[in-house]
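Open the model in your viewer and keep the sequence panel beside it.

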Amino acid sequence: SPRTGSEASEMTPTQPGSWQWRWVATTPHGSAATAWQSFEVDPPAPDRHGFLRRSPLDGRYLRFDDGTPYVAIGENLGWYDARGSFAYDDWFAKLAAQGVNHVRLWMPSWAFGIEWITRAQDGSVASTSLGNYTERLDRAWQLDQVMEAAERHGIAVMLSIQNHGAFSLTSNSEWADSPYNAANGGPLAVPTAFFTDPTARELFQRRLRYLVARWGYATNLLAWELWNEVDLVGKGPSVETWHVEMANTLRDLDPYDHLISTSRAQSALASYWALPQIDFTQVHHYSFPFGLDLPDTVEHWMRSYGTAFPGKPRLLAEYGVDYRGPAETLALDPESIGFHQGLWIGLLAGGFGTGMSWWWDNLVDPQDLYFHFGPVARFVEGVAFDQQNFAVIRPPLAASDRNLAAYALRGTQVVLAWLQNVDHQWLLDPLPGPDATPVVGATLALTDLANGAWTARWIDPYTGIDIATDAAQVTDGTITLAVPTFSKDLALRLER
């Protein structure tokens, strides 16, 4: 039920029928309980699909409790701007209009975080909310509003609980103001002790209990993310042990068994990705300063994760051309080619959704890049990814004297492919820079298909408009398709 006051709480009944509830209050002096009250739950409405799970048909992809397929289309929306939570009313409306159904939020000190300190005018610590969140319940209220607004727009949320800066000494460091810092009355002399100190672990488990109690009801909570880029804080066995302990704590606390993940800054095959407690892996990738082809590099890492952790979902959960900022990103990529590429390669490299771009408030929104989401959302509409047994492939794409690449998902009934003019790139040496010279006379070869009649729909990835629809006949499992002329990139949806 919606909140009607500070005393209200929320839960999600998982089946229709008669339910009972009561309050039980426990203090050091004993427990007291109210009388039981009853309510009736109707069968779910057609638009209520339940919680998101790994699909039992193909664990690399997600679906809802009722079997409805889910492909995550979205971006990072980490925190609000000067408008506070009202910013999300604006962003969600623009995103939902383009078919976006997934965002990633953070809980940092400057936004939705519920643990931090305040300082007096002389710089001393005036108060701390470590373990007692009363002074920052306004931040929790803001997250209430955003979660409910996301639900109204059909948008699922990955909630990143802990950002790296609060415990890093080198990357966006906020350690000087952390409530865990002994200098501020906290339990830790050094930030890496967060992973081993018993008091710190107990305090974080207390925070997890609060998060589950307040937001665990939400069917649009896609996942709890324990860390954003934990490797910027610490590495080694203690980090893995911490993840096991905290993921198990979430499992014990969360009656709805939401998915659990974590993330790294470096795309490396960390041991904790293999943990059964971590439901899906994440790739974070920024092209600068490496100067590497974004789609090719992302595909490499996504394929590596798929090989090392077979059957586990993966997601390009954060990407961009330049990690330094929006001005640097625009200077290197004034046409936002990298933004466009990341959306498509995140999906076509085997992710359970599109790539999740960064710089939402100071690049995506002011540059009005929302139109890029619509075509990829329409491209996958109606495809049950968990029912196709998709193989991630790199089919041959060729045209005379042209530098081309193709990325595809080959399924039993559907082939989804993204064809790229590799010379149409953003501006980082040795990459050639944008060259949208039309590609004429290209061919795409596909193998291991079911024989018989197929239909090929060629789609403009910038507009979502069908360019051509061709009948196709597969013989001996193979077909070579004549590719329509294209300049930048092209999408193919081939269906039996």
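**Stop 1: a loop with a positive phi**

Select Asn-172. It sits in the loop between S12 and H3. Helices here are DSSP runs of H or I with at least four residues, strands are runs of E with at least two, and both are numbered from the N terminus. Asn-172 is not a glycine, yet its phi is positive, at about 50°. The residue is exposed, with a relative accessible area of 58%. Buried means under 20% relative accessible area, exposed means over 50%, and partly exposed is in between, using a 1.4 Å probe and protein chains only.

A word on the model before moving on. This is a predicted model, in which local features need pLDDT of at least 70, side-chain atom pairs count only at pLDDT 80 or more, and totals for chains, interfaces and linings use all residues. Residues are numbered from 1 along each chain as its sequence is written, and side-chain values use heavy atoms, with hydrogens and water left out.

Now select Ser-173. This residue is in the loop between strand S12 (156-160) and helix H3 (198-215). Ser-173 is partly exposed, at 42% relative accessible area. Which residues is it in contact with, leaving aside neighbours within four places in sequence? Pick Gly-165 and Ser-168. Contact means heavy atoms within 4.5 Å.

**Stop 2: the whole chain**

Zoom out. The protein has nine helices and 25 strands. Its radius of gyration is 24 Å, close to the 23 Å from the globule rule for 496 residues, so the protein is as compact as a globular protein of that length. That radius is taken over C-alpha atoms, and the globule rule is 2.2 Å times the number of residues to the power 0.38. Of the 496 residues, 56% count as buried. Among contacts with a separation of 6 or more, 68% are between residues 24 or more positions apart.

**Stop 3: a helix pair**

Select residues 86-96 for helix H1 and residues 137-152 for helix H2. The two pack at an angle of about 20°, with their axes 10 Å apart. Axes are lines fitted to C-alpha atoms, for helices over the stretch in contact, and angles run from 0 to 180 degrees between N-to-C directions. H1 and H2 are therefore roughly parallel to each other, a label for angles under 35 degrees.

Show side chains at the contact. H1 contributes Tyr-88, Asp-89 and Phe-92, and H2 contributes Val-146, Ala-149 and Ala-150. These residues divide into five nonpolar, no polar and one charged. Ala, Val, Leu, Ile, Met, Phe, Trp, Tyr, Cys and Pro count as nonpolar, Asp, Glu, Lys and Arg as charged, and the others, Gly among them, as polar.

**Stop 4: two histidines**

Select His-102. It lies in strand S9 (residues 102-106). Is His-102 buried or exposed? It counts as buried, at 0% relative accessibility. Beyond residues up to four places away in sequence, His-102 touches a set including Tyr-70, Glu-75, Met-158, Leu-222, Leu-315 and Met-356.

Jump to His-424. Its place is in the loop between strand S20 (414-421) and strand S21 (443-446). His-424 is buried, with a relative accessible area of 5%. Leaving aside neighbours within four places in sequence, its contacts include Glu-335, Gln-341, Asp-435, Tyr-462 and Lys-488.

**Stop 5: a cis peptide**

Select Phe-288 and Pro-289. A cis peptide bond joins them, with omega about 10°. Pro-289 is in the loop between strand S15 (281-288) and helix H5 (294-308).

**Stop 6**

Select Gln-387. Its loop runs between helix H9 (373-379) and strand S17 (391-393). Gln-387 counts as partly exposed, at 47% relative accessibility. Not counting residues up to four places away in sequence, it touches Leu-57 and Thr-412. Gln-387 and Thr-412 are 25 residues apart along the chain, with 8.5 Å between their C-alpha atoms.

Finish at Asp-448, in the loop between S21 and strand S22 (452-459). What is phi here? It is near 60°, a positive value in a residue other than glycine. Asp-448 is exposed, with a relative accessible area of 60%.

Definitions and conventions. Angles under 35 degrees count as roughly parallel, over 145 as roughly antiparallel, 65 to 115 as roughly perpendicular and the rest as oblique.
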